[in-house]
Amino acid sequence: MSRLLTVFGATGQQGGSLINYVLSNSELSKIYRLRGITRDIFKPASVALKKRGVEVIQANQNEPSTLAAAVEGSYAVFAVTNYWEQASAAVEIAQGKAMADASVAVGVTLLIWSSLPSVTEMSKGAVTFVEHFDSKAAVETYIRGLPIIKAFFMAGWYMQNHIHFMRPKPRDDGSFVLAQTWGPAARVPMLDITDTGKFLAPILLDPAKYDGKAFTCATDFYTPLELVDGWTKVTGKKVLYEQSGPAEANKNLTAEMQHKLMKKLADSSYFGPTGTADLKWTLAQIKEAPTPWVEFLRANEPWFSDVKSSA
Ligand SMILES: NC(=O)c1ccc[n+]([C@@H]2O[C@H](COP(=O)([O-])OP(=O)(O)OC[C@H]3O[C@@H](n4cnc5c(N)ncnc54)[C@H](OP(=O)(O)O)[C@@H]3O)[C@@H](O)[C@H]2O)c1
């Protein structure tokens, strides 16, 4: 009999791409049947999942009483939170703990938590405001103390961030500019989030082997200059990089916060000082190579066709 894999965030990017992967992978689809969790079983994304054979169950991470039924009977649970919906560390920590507690209570074997490293710890207390990293790390610490096989999925910077809200902007001279707070030498771990299943497959195939392991998930580290060179190569348009200051960037962060954040990225990158070695280890575990930046750009063309440019 197949094992049940319950996926939180099934209608979103991480959970949705895990479901796509399991459904299309001959080995995993023999082992696992799927359940997707959503707050709205009638929305188009939920109906589409149902049509593809996924059991769709309604539950809310903010209502712990709904979670035991959501995970009941599962062999494995993938738990992801959306920090940005309420932008509260306390809410994200409560959601993560509630999904973990429910998983333990009903006897789930494997829990995969979508985690991130604690920036407060990595920076030795110098940067304490990257809440959505610290809160995921706090849940990871909690899960590490629970009697369940656990593994951690740490997503790099989504390549998809650049499809919509971080797309290069046109300039009057026909070129385009990507403006970010990163210094030009920053090393950004880029992940095509549709590759989620490639990274989770080894864990789902051999949970005991990966008990307690954290997967550092990205194709590679890229500098901002490599990112813009990719666009130039693929589109033939000149794309430049500009390091933006606090005013143009996140207005919620003070100048001092921005400076510290940029310094953190330049010093140790997103995954901290062990990030390069951790990514190397992770890539050695997976069977299918993740998508390189230029390939992602090609797959998501056209980029600037809607913009009039003379370049
Ligand atoms: N963007 C990046 O570069 C990046 C990198 C690393 C990590 N992350 C992290 O990724 C997380 C978001 O994951 P994603 O990109 O997969 O999100 P997403 O595409 O925005 O989808 C969010 C999913 O979470 C579900 N959800 C949200 N609140 C819920 C609740 N209270 N109860 C039940 N389900 C709930 C939604 O389901 P319904 O709406 O159907 O209920 C939806 O399926 C964030 O925490 C972010 O910090 C992002």
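Is F271 buried or exposed, and what is its relative accessible area?

## Y270 and F271

In this predicted model, F271 is buried, with a relative accessible area of 5%. Y270 is likewise assigned as buried, its relative accessible area being 11%, and both values fall under the 20% that marks a buried residue.

## Aromatic pairs

A pair of aromatic rings is described by the distance of the centres and the angle of the planes. The structure holds 14 aromatic pairs, among them that of W231 and W293, which is edge-to-face, with 5.0 Å from centre to centre and 90° between the planes. Because W231 belongs to helix α10 (residues 224-235) and W293 to helix α13 (residues 293-299), this pair ties together parts that lie 62 residues apart in sequence. The rings of Y270 and F271 have planes at 75° and centres 4.8 Å apart, so this pair, too, is edge-to-face.

## The cluster around W231 and W293

One aromatic cluster is formed by W231, W293, F296 and W303. Of its members, W231 is buried, with a relative accessible area of 0%, and W293 is buried as well, with a relative accessible area of 1%.

Conventions. Residues are numbered from 1 along each chain as its sequence is written. This is a predicted model: local features need pLDDT of at least 70, side-chain atom pairs count only at pLDDT 80 or more; totals for chains, interfaces and linings use all residues. Side-chain values use heavy atoms; hydrogens and water are left out. Rings of Phe, Tyr and Trp (its six-membered ring) pair if their centres lie within 6.5 Å; planes under 30 degrees apart count as stacked, over 60 as edge-to-face and the rest as tilted. Helices (H or I, at least four residues) and strands (E, at least two) are DSSP runs, numbered from the N terminus. Buried means under 20% relative accessible area, exposed over 50%, partly exposed in between (1.4 Å probe, protein chains only).
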